[in-house]
Amino acid sequence: MKIGIYGQFYHENSEIYIQTLLDALQKKEAEVVIEENFLAIINQNQEITKNFSEFSTFTELDSSFDLFFSIGGDGTILKAVTFVRDLGIPIVGINTGRLGFLATIQKEEMTESLNQILDGEYSISERSLLTVETFPKSEEIHPLNFALNEVAVNRRNTTSMIKVETLVNNNYLTSYWSDGLIVSTPTGSTGYSLSCGGPVIDPQANNIVLTPIAPHNLNARPLVLPDSSVLTLKVSGRENTFLLSMDSRIATLDNETKIIIKKAPFTIQLLQLHDDSFIKTLRKKLLWGEDKRN
Ligand SMILES: NC(=O)c1ccc[n+]([C@@H]2O[C@H](COP(=O)([O-])OP(=O)(O)OC[C@H]3O[C@@H](n4cnc5c(N)ncnc54)[C@H](O)[C@@H]3O)[C@@H](O)[C@H]2O)c1
Ligand SMILES: Nc1ncnc2c1ncn2[C@@H]1O[C@H](COP(=O)(O)OP(=O)(O)OP(=O)(O)O)[C@@H](O)[C@H]1O
């Protein structure tokens, strides 16, 4: 069994979870490869007797890996996606962060969950992504021109609204006068899009959602589309530039840049324990069903 491990940060209670994971993998005689910066942080903070192999970029990973563990919160999982990309390696999120909406394992249930996973007792939740192309081409967005949660355009360095001219499959839809516009996947529908009034979309639904950010056109509402839709955006406004975000990554683009957003040709496999489900996550993380009247 060949395992990749990635984390962004190390804080007071990381040690126990990292050691628990390494011990469980050692018991299974797994080959463990740790992202080089994370390995350096671990070595600075805790005694590790074994010399682990390390990787630094996507190019050093391949489909021979069986699992890819992300130790942190959702932000760390989003960064882990930039290593795994289209390799089809199942991602296992261990939540040592705050919300941990995307995580597979909550730290309190780590040992039991790890045993199930290493015994193959899990399923895969396949998640669609979005890709972005711009004209003129922006080197800033490449090579990570994809997003698991959402692609968004936002005003930059101004309190003035931007205008987001939006076409769906080359048919003019509308121009959003707003702080910005979110194009979200089902996975991202519980992230930024939800905070801006977007709907929750089951990850198995083949949809995307356009959610405007504080739209001034008061009749503007989130729009759910088939994920086969190709979107063309063109931003203008008082400032000469605007922000394009892909999950946690941002780029500054010039007004009038043509942005093409469509479904990515690859998916991300999020590992899911047998007794977990999206519905259960809604209850656990968004506290659905917690109404005292129930
Ligand atoms: N106002 C907002 O709600 C807002 C603003 C910016 C970004 N975000 C989200 O944060 C993501 C980046 O995560 P980060 O940790 O780097 O940023 P962060 O540190 O600002 O945390 C954003 C919060 O959103 C949660 N989150 C991220 N993806 C989620 C998802 N798919 N479903 C439910 N909650 C999710 C994270 O757990 C975290 O609590 C973006 O992709 C975007 O979806 C939300
Ligand atoms: N800029 C930072 N500097 C230091 N530690 C950070 C920083 N950002 C996040 N962390 C810590 O690193 C861990 C992983 O961060 P990550 O962004 O993945 O999770 P989070 O955003 O805190 O949690 P979640 O995304 O699940 O709400 C978290 O426990 C968090 O406390």
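1. In this predicted model, the side chains of Asp119 and Lys28 meet in a salt bridge, with a distance of 2.7 Å from N to O. The two residues belong to distant parts of the chain, 91 residues apart: Asp119 sits in the loop between helix H4 (110–118) and S7, while Lys28 sits in the loop between helix H1 (14–27) and strand S2 (31–35). Side chains of opposite charge can pair when their charged atoms come close. By the rule applied here, the count for the model comes to six salt bridges, and the pair of Asp119 and Lys28 is one that a reader can look up directly in the structure.

2. The chain is divided into domain 1, covering 2–120, and domain 2, covering 129–265. The contact between these parts draws on six residues from domain 1 and 11 residues from domain 2, and the C-alpha centres of the two domains lie 31 Å apart.

3. What kind of atoms make up the area that domain 1 and domain 2 bury between them? About 720 Å² is buried, and 76% of that area is on carbon and sulfur atoms. On the side of domain 1 that touches domain 2, the residues divide into four nonpolar, one polar and one charged. The count of salt bridges between the two domains is zero, and the count of residue pairs in polar contact between them, with both residues at pLDDT 80 or more, is also zero.

4. Strand S7, which runs over residues 122–135, pairs with strand S18, residues 258–273, in the antiparallel sense over 13 bridges. Within this pairing, Leu130 of the chain stands opposite Lys263 in S18. S7 also pairs in the antiparallel sense with strand S8, residues 146–147, here over two bridges, and the bridge partner of Thr131 in S8 is Phe146.

5. Another is Pro143, found in the loop between S7 and S8, where a cis bond joins His142 and Pro143 with omega about 0°. Most residues other than glycine have a negative phi, and most peptide bonds are trans.

6. The place of Arg85 is in the loop between helix H3 (74–84) and strand S5 (91–95).

7. Arg85 is also among the residues in contact with Phe58, once the neighbours of Phe58 within four places in sequence are left aside; the others are Thr82, Phe83, Val84, Asp86 and Leu87. Phe58 itself is found in the loop between strand S3 (53–55) and strand S4 (67–72). Between Phe58 and Val81 there are 23 residues of separation in sequence and 9.6 Å in space, taken from C-alpha to C-alpha.

Methods:
Residues numbered from 1 in each chain as written. Chains lettered and ligands numbered in written order. Predicted model: local features only at pLDDT ≥ 70, side-chain atom pairs only at ≥ 80, totals over all residues. Heavy atoms only, no water. Domains from an automatic or database assignment. Contact = heavy atoms within 4.5 Å. Buried area = accessible area lost by both parts, 1.4 Å probe. Salt bridge = Lys/Arg side-chain N within 4 Å of Asp/Glu carboxyl O. Polar contact = N/O pair within 3.5 Å; in protein donor to acceptor, adjacent residues only side chain to side chain. Nonpolar A, V, L, I, M, F, W, Y, C, P; charged D, E, K, R; others polar. Pairing = 2+ DSSP bridges. Helix = DSSP H or I, 4+ residues; strand = E, 2+ residues; numbered from the N terminus.
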